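Biologist: I would like to learn how to read strands, sheets and chain contacts in a model. Could you take me through an example?

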Amino acid sequence: MTSPAAPQQPTPKPPAAGSSTPHPTQLRLVDVHKSFGSLVVLNGLNLDIRERESIVILGPSGTGKSVLLKHLVGLLKPDRGEVYFRDTRIDTLPERQLEPIREHFGFLFQMGALFDSMSVFENVAFPMREHRNYPERDIRDRVAQKLAMVGLDGTQGKMPGELSGGMKKRVALARAIALDPDVVLYDEPTTGLDPIRADIINELILKLNEELHVTSVVVTHDMASAFKVGDRLVMLSEGKVIAEGTPDDFRHSSNEEVRRFVDGKASPEELAALERKAR
Amino acid sequence: MTAVEQVGKRALDWVDALGDYGRFTGSIFAWVFRGPGRFARRQLLSQMYEVGTLSIPVVMITGAFIGAVLAIEADPQFRAIGLESRIGSVINISVVKQIGPVLTGVMLAGRVGGALTAELGTMKVTEQIDALRAMATDPVRALAVPRFGACLIMMPILTIFSDLLGMFGGWFMAVQMLGVDAASYWQNSKDSLEIYTINTGFIKALFFGAAIASIGCYKGFHCGSGAQGVGRACTEAFVTSFITILVMNFFIAMAMNSIYTMFWPNTGSILG
């Protein structure tokens, strides 16, 4: 585990073409800066994500976890820095050239982002109809297969408004894997769910990793989820990686900020500030 | 920041937004010509129903009453100079050239423009537009193009309904209620309404439809966060569409009049 207080590792170089390592770097962020107005969200962030690994991005709210995720698929462009998917630098690509790259990704949004004017079937079929020339019968079979993977076969005719929060996320997950992506990005997959439903989502993430051999990038502040699904955990603070390691490294970390986050305890300074405001 | 700097910043922001809107509208046209794909084509029919079919009653009602009001207001003036038989030409020219397309445009801006903005704005704040982009689908192609196409197709059709009911309202009030002679009413109407006049109304309708859809979609795609952001975008969409319709109406009237006098110089101006 890297020392939380230590500066980040030197900027790595982009991956060499034709690298033959067993699990080469699939996604790479190099010195990424991003601000919204005067608010600095990412402040020189470096991160490598290897193929087929399950990496969890941790950090308090507002530290840029979701912003990081959106940079990986080109939904946001960095103010400075570089973003790579395999050997391709994607942060400089125009929208149309990004589209073929995005077909390698599945993205589970925090609230699911299901199209509420379409049924469950139409939602899951949407990417297939857009990007594959499957006959309609094939689409029906594939949608049923994807929904079965998330335990929701038979809900094809329902509208998103008729589903519970957990079911919406599972349908959104079925849609995210509709094109058999190489990378699945999860933005707060368990937020807003009760512990049982949250565990179902965690199990699904593990199942998809095993069955589809995808790279998973999970943004969360749910430690139970992080320990369950992550091969590697990365913690952000003030727009930078301050710690990374295995779940065991985080469990036994001596770093105060990591310990407090893992244990869910506010710092004395934060509590003092709260008291001052209350007065 | 000084007052001068503030004015300068506002002007720059306005120019920036105008350029952004121009680029957005350009991308809609680019997708229309490039072919928007299966999803957008399927959406077109349902959007035509939303935009057009559901607007017919409101457009017909307003058209009929405006035609009737025109007859009520014009009748005493024409009767005073003994020209009440010519009231039909004034009502019908006004309805076909000006009131039909403008009123239909305003009604569509209120009923459909606001709804477009609210729908797309809600999709934006609930990350549905980001979801489309993440699924390698251009949201302009999938969402804006079918709505734009529906407004462009349905606006002239709605204008026909508005025109017909405006004519009916004018006829009913003038002939049935105020006692104007029906034969001379229709004869004068027929003599004064040229194909060019009718086409002027349709050309206006096309431009208004394009403006309502592009402004509504643009505001929806660029709305602020939360319910307040969506609400503000809806208001802005309606106000901007309304002003744009009135300004466009003036410039199209000028252009159509210039074209008319250029091709038919001896028939006099038909400003409108």
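Modeller: We will go through strands, a sheet, a helical chain and a contact region in turn. This is a predicted model, where local features need pLDDT of at least 70, side-chain atom pairs count only at pLDDT 80 or more, and totals for chains, interfaces and linings use all residues. Residues are numbered from 1 along each chain as its sequence is written, while chains are lettered from A and ligands numbered from 1 in the order in which they are written.

Biologist: Where do the side chains of β8(A) point, and are they buried or exposed?

Modeller: In a regular strand the side chains alternate between the two faces of the sheet. Helices (H or I, at least four residues) and strands (E, at least two) are DSSP runs, numbered from the N terminus. Thr215(A), Val217(A) and Val219(A) point one way from β8(A), Ser216(A) and Val218(A) point the other way, and all are buried. Buried means that 20 or more other C-beta atoms lie within 10 Å of the residue's own, with C-beta atoms placed from the backbone.

Biologist: Which strands pair with β8(A) in the parallel sense?

Modeller: Two strands pair if DSSP finds at least two bridges between them. Strand β3 (residues 54-58) of chain A is parallel to β8(A), with 4 bridges, and β7 (residues 183-187) of chain A runs parallel to β8(A) over 5 bridges. Val218(A) stands opposite Val56(A) and is also the bridge partner of Tyr186(A).

Biologist: What unit do β7(A), helix α6 and β8(A) make?

Modeller: A crossover is right-handed if, with the strands pointing away from the viewer, the path from the first strand over the helix to the second runs clockwise. Here β7(A), α6 (residues 195-212) of chain A and β8(A) make a right-handed β-α-β unit.

Biologist: In what order do the strands of the open antiparallel sheet lie?

Modeller: The order is β2-β1-β4-β5 in chain A. Its edge strands, β2 (39-50) and β5 (88-89), each pair on one side only. Inside, β1 (residues 25-36) and β4 (residues 80-85) of chain A share 5 antiparallel bridges, and His33(A) stands opposite Arg80(A) in β4(A).

Biologist: How many helices and strands does chain B have?

Modeller: Chain B has 9 helices and 0 strands. Of its 272 residues, 45% are buried.

Biologist: And how many residues of chain B are in contact with chain A?

Modeller: Two residues are in contact if their C-beta atoms, placed from the backbone, lie within 7 Å. By that test, 13 residues of chain B are in contact with 17 residues of chain A. On the chain B side, α5(B) gives the most, with 5 residues.

Note on methods:
A residue is buried if 20 or more other C-beta atoms lie within 10 Å of its own, exposed if 12 or fewer, and partly exposed in between; C-beta atoms are placed from the backbone.
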